[in-house]
Amino acid sequence: MAKAPVLTPRADDFPRWYQDLITKAELADNGPVRGNMVIRPYGYGLWERMQAEMDARIKETGTQNAYFPLLIPESYLAREADHVEGFAPELAVVTHGGGKELEEPAVVRPTSEMIVNEYFSKWVQSHRDLPLLINQWANVVRWELRPRLFLRTSEFLWQEGHTAHATYEEARAFAARIHRRVYEDFMLNVLAMDVVPGRKTVRERFAGAVNTLTLEGMMGDGKALQMATSHELGQNFAKAFNTRYLSKEGRQELVWQTSWGSTTRMIGALVMMHGDDDGLRVPPRLAQIQAVVLAIKGDEAVLAKVRELGDRLKAAGVRVHVDDRTDTPFGRRAVDWELKGVPVRIEIGPRDLGNGTAMLARRIPGGKEPVALDALAGLLPGILEEDQATLLRQSRERRESRTTEVSTFEEAVEAATAGGWARIPWAALGEEGESRLADHAVTVRCLVAEDGSVPDADDAPGNVAVVARAY
């Protein structure tokens, strides 16, 4: 009898494959309350690496980290009508605390525009206080009716940036800077994910924003996933919270604002974009373990060499883990590391030691080959960079091969429901066509200019709508 696969094949059942992989690669478990999750150490390690890479990029913009409370007075949320309407179905509300009914119910943070603006209105007095650039790493709660680990959970982790500026032009430029220099740069150069930068339609825009910039990625099944967003808030929240500054000319002026965020959803994207039937494939620049050195047997000479090689690779700048658990069968350990997507396995047994070689297994392109032990420290950095580029190329090739240029509503629906994306002139689709797409579980993921850049306006001449089914 053929041996049963470790994971459900993607072609048989993509959602089941995703769930199998999340569980067997030890990324997360379902939490005790429906819709919540427990992020396991290996999964959290991926998030820590994402945090570190993005935090450095965020700070390069001059933004500083802060922290705001989890509980927000319900009255704050009601101050911006579009915002409260957009979040109302997802809110979790605390009505009792300390054994008593609260005088005012508190909303569990779904996002922080409301409480941030309460304090921005105190902190901003003069043009000298601007720009005010704040980010926080936190959790939020948005009650989810159809949960899926990492993709849609009632509680998730994220970073959210909030800024205040003296002029519309400054705020708009800053939202665009975050969109491209923080999010797109991180996704291309660390996550090795091909993404499409674009502008959300009015229908898909963030509640309370005047413009939303997005990055959309194509997953392994052809569906789209919104990866991160950057919003121009105009003066909507400044009016609601009376956030004003004294200009150089001595006039009281409302500030112009932005907000922007990315979440642990990116771990789900990592699985669905790069994973295969054998498990995860983690981009080397992201991986907390870039190479694992495995002792095949508990031979003392082998164990000594494995540990010594681990030290040499660390000295060469490789993030390495030594697996000397020889009381666990080698085959099981190799499969576990393959499931976790560690880019490189270096396997050493008595025979390899006698030959002065190790078996080098590369997770991303696949395959094994013997390599001289003395050559590994010099070879690995180049191999890791090559594999990083391979993942980005494969994700781009998938999107390009499964995106169809169309000219009619019917063709757009056909392409999107067949497991791909469609590009259709916005003038041929329009808001009426966008509404009709919902009947087919299809949405406009973003608007792009003809040359692939981000349009300056919703109705800019030549705008193209990217249409797909989405998570």
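This is a predicted model: local features need pLDDT of at least 70, side-chain atom pairs count only at pLDDT 80 or more; totals for chains, interfaces and linings use all residues.
Colleague: What is the volume of the largest pocket, and which residues are the closest to its centre?
Modeller: The volume is about 1,500 Å³. The lining counts 47 residues, and E90, R142, R152, Q226 and R265 are the closest to the centre.

Colleague: What makes up the lining of the largest pocket, by class?
Modeller: It has 18 nonpolar, 14 polar and 15 charged residues. Asp, Glu, Lys and Arg count as charged, and E90, R142, R152 and R265 are among the residues closest to the centre, so these four count as charged.

Colleague: How do the residues of the lining of the second largest pocket divide?
Modeller: That pocket holds about 240 Å³ of space. Its lining has 13 residues, with P5, V6, L7, D278 and V335 the closest to the centre. By class they divide into seven nonpolar, no polar and six charged.

Colleague: How many cavities of 30 Å³ or more does a search of the whole structure find?
Modeller: One. The largest cavity has a volume of about 40 Å³.

Colleague: Why is this called a cavity and not a pocket?
Modeller: The word cavity is used because a 1.4 Å probe fits there but cannot get out, whereas a pocket is an open set of points.

Colleague: What lines the largest cavity?
Modeller: The lining consists of Y168, A171, R172, V210, E232, G234, W256 and Q257. Helix α6 gives the most, with three residues, while β11 and β14 each supply at least two. The classes are four nonpolar, two polar and two charged.

Colleague: How do you know that the span of helix α6 agrees with its number of residues?
Modeller: Helix α6 covers residues 168-189, which is 22 residues, and at 1.5 Å a residue it should span 32 Å. The C-alpha atoms at its ends are 30 Å apart, so the two values agree.

Colleague: Where is the kink in α6 centred?
Modeller: On Y183, with an angle of about 25°. Y183 is also one of the buried residues of α6, which include A171, F174, A175, I178, H179 and V182.

Colleague: Why is A291 counted as buried?
Modeller: Buried means under 20% relative accessible area. A291 has 0%, so it counts as buried. This residue is found in strand β15 (residues 291-295).

Colleague: Is F150 buried or exposed?
Modeller: Buried: its relative accessible area is 2%, which is under the 20% cut-off. F150 is found in the loop between β7 and β8. Its phi is near 70°, a positive value in a residue other than glycine.

Colleague: What makes N242 partly exposed?
Modeller: The term covers values between the cut-offs of 20% and 50%. N242 has a relative accessible area of 46%, so it is partly exposed. N242 lies in the loop between α7 (236-241) and β12 (244-246), and its phi, near 55°, is positive too.

Colleague: How do you know that β5 and β6 pair?
Modeller: Pairing needs at least two bridges. Four bridges join β5 (residues 93-97) to β6 (residues 100-108), so the two strands pair, and they run antiparallel. G97 stands opposite K100 in β6. Two residues lie between the strands of this hairpin, where G98 takes a positive phi near 65°.

Colleague: What joins L130 and P131?
Modeller: A cis peptide bond, with omega about -5°. P131 lies in the loop between α5 (113-123) and β7 (132-141).

Note on methods. Residues are numbered from 1 along each chain as its sequence is written. Side-chain values use heavy atoms; hydrogens and water are left out. On a 1 Å grid over the protein atoms alone, a cavity is a set of points where a 1.4 Å probe fits but cannot get out, and a pocket is an open set with protein on both sides within 12 Å along at least five of seven lines; lining residues have an atom within 4 Å of a point. Grid points are joined across faces, edges and corners, and a volume is the space filled by probe spheres set on the points. The expected span of a helix is 1.5 Å times one less than its number of residues. The bend at a residue is the angle between axes fitted to the seven residues ending there and the seven starting there. Buried means under 20% relative accessible area, exposed over 50%, partly exposed in between (1.4 Å probe, protein chains only).
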